[in-house]
Amino acid sequence: MKFTELKNDIAEGARSIYLLEGEDAYFRMKGEEMLTRAFVQMPELNYTSFDGETLKGGALTSLVSAVESFPFMAERRVIKVTGLYPSESEYEKYLKKTFENFPPTSVLIIVNAESRKGADLKRKHSVTYVDCGKADEETVTKWVYLTLKRAGVTASVETCALVARYCLCNMSRVALETEKIIDYKGNDKSELTKDEAEALVYKEADYRIYEMTNAVARRDFGKFLSVQSELCRKNGDETALLSGLFSYFKNLLTAVASDMSDAELAKLLKMKEYGAKKTREQARAIGYGRLKNYVTYLYSAVSDIKSGITAPWIALEKVNNKIFFE
């Protein structure tokens, strides 16, 4: 199930094993909080936590022992393990019997930041998989809208979408910036404007690169230069900016040249399917020929800086001229 479905699922009762897995730390943290709040009674007696890195081979028996222990004066005992990645042989030898005959008096919460080689826990008996991967823009926008509304702050869907985009749909960042907006608005009952969101929400560097490439597609040199100047002023590193542009244009070139589906492209570029779709749209707006030239020129510019042939600020000016005036 998606993380957004977990709250309603908890309301229907406890499941045996929850696997909270995905790269979004906010979803993993909040999922764990929701589960412990719902099912832990007398935590000093009925809650145990393990570090999965210490559970190798025979050490897994300590986890099994904790799961099979009865709760003390409570309905359930809750066991949490962070970073549990058993091999298939370890699963078969130490965990399979317990997973397939899971005691009704226990709840096991497994919190994994990523999937790794070994036993595919999400497909094992009694395991409820909770997808804590990066959410798409629509889901994050809805979360921002509802969170602001509950706090008495009105905002349009378009403004909430800006918050999601500025934070690249990273929920840890989105939650922080949404709290900042709530604090800023205070008792102000006026609607949050796009200008206020623009001023309040810190924009991730990758989003600023995205703005720059959008400006390239529109041939908007003023916007391109204004974002570039801001990034250079904050980071003071033209080489990092050129490397970021190279990487971004390379992804755009891959997107426009590929005949993969959006889902396949997303896997290749390590992004969500929605992100792959938007990347492909942006790439088509610039065009294959121009993108190929930009990637080649940027690669040469970064190489010249690293070789000591060109100063970073000179290389950046040459890139600007190449993109907009040649």
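Buried here means under 20% relative accessible area, exposed means over 50%, and partly exposed is whatever falls in between (1.4 Å probe, protein chains only). This is a predicted model, where local features need pLDDT of at least 70 and side-chain atom pairs count only at pLDDT 80 or more, while totals for chains, interfaces and linings use all residues. Residues are numbered from 1 along each chain as its sequence is written, and side-chain values use heavy atoms, with hydrogens and water left out.

**View 1. Phe-3 and Phe-27 form a stacked pair.** Rings of Phe, Tyr and Trp (its six-membered ring) pair if their centres lie within 6.5 Å; planes under 30 degrees apart count as stacked, over 60 as edge-to-face and the rest as tilted. The count by this rule is 13 aromatic pairs. Here the ring centres are 4.5 Å apart, with planes at 25°. Phe-27 sits in helix H2 (residues 25-39), and Phe-3 in the segment before helix H1 (6-11), 24 residues apart; helices (H or I, at least four residues) and strands (E, at least two) are DSSP runs, numbered from the N terminus. Phe-27 is buried at 5% relative accessibility, and Phe-3 is buried at 11%.

**View 2. Phe-221 meets Phe-324 edge-to-face.** The ring centres are 5.0 Å apart and the planes lie at 65°. Phe-221 belongs to helix H11 (residues 221-235) and Phe-324 to helix H16 (residues 312-325), so to speak a link between distant parts of the chain, 103 residues apart. Phe-221 is partly exposed at 26%, whereas Phe-324 is buried at 11%.

**View 3. Arg-76 sits in a loop.** Look between helix H4 (60-68) and strand E3 (77-82). Why does Arg-76 count as buried? Because its relative accessibility is 18%. Its side chain makes a polar contact with that of Glu-75 at 3.3 Å (a pair of N or O atoms within 3.5 Å; within protein, one must be able to donate a hydrogen and the other to accept it, and residues adjacent in sequence count only if both atoms are side-chain atoms).

**View 4. Cys-160 and Cys-167 are in no disulfide.** A disulfide is a pair of cysteine sulfur atoms within 2.5 Å, and the count comes to zero. For Cys-160, the nearest cysteine sulfur belongs to Cys-167, 12 Å away. For Cys-167, that of Cys-169 is nearest, at 8.6 Å.
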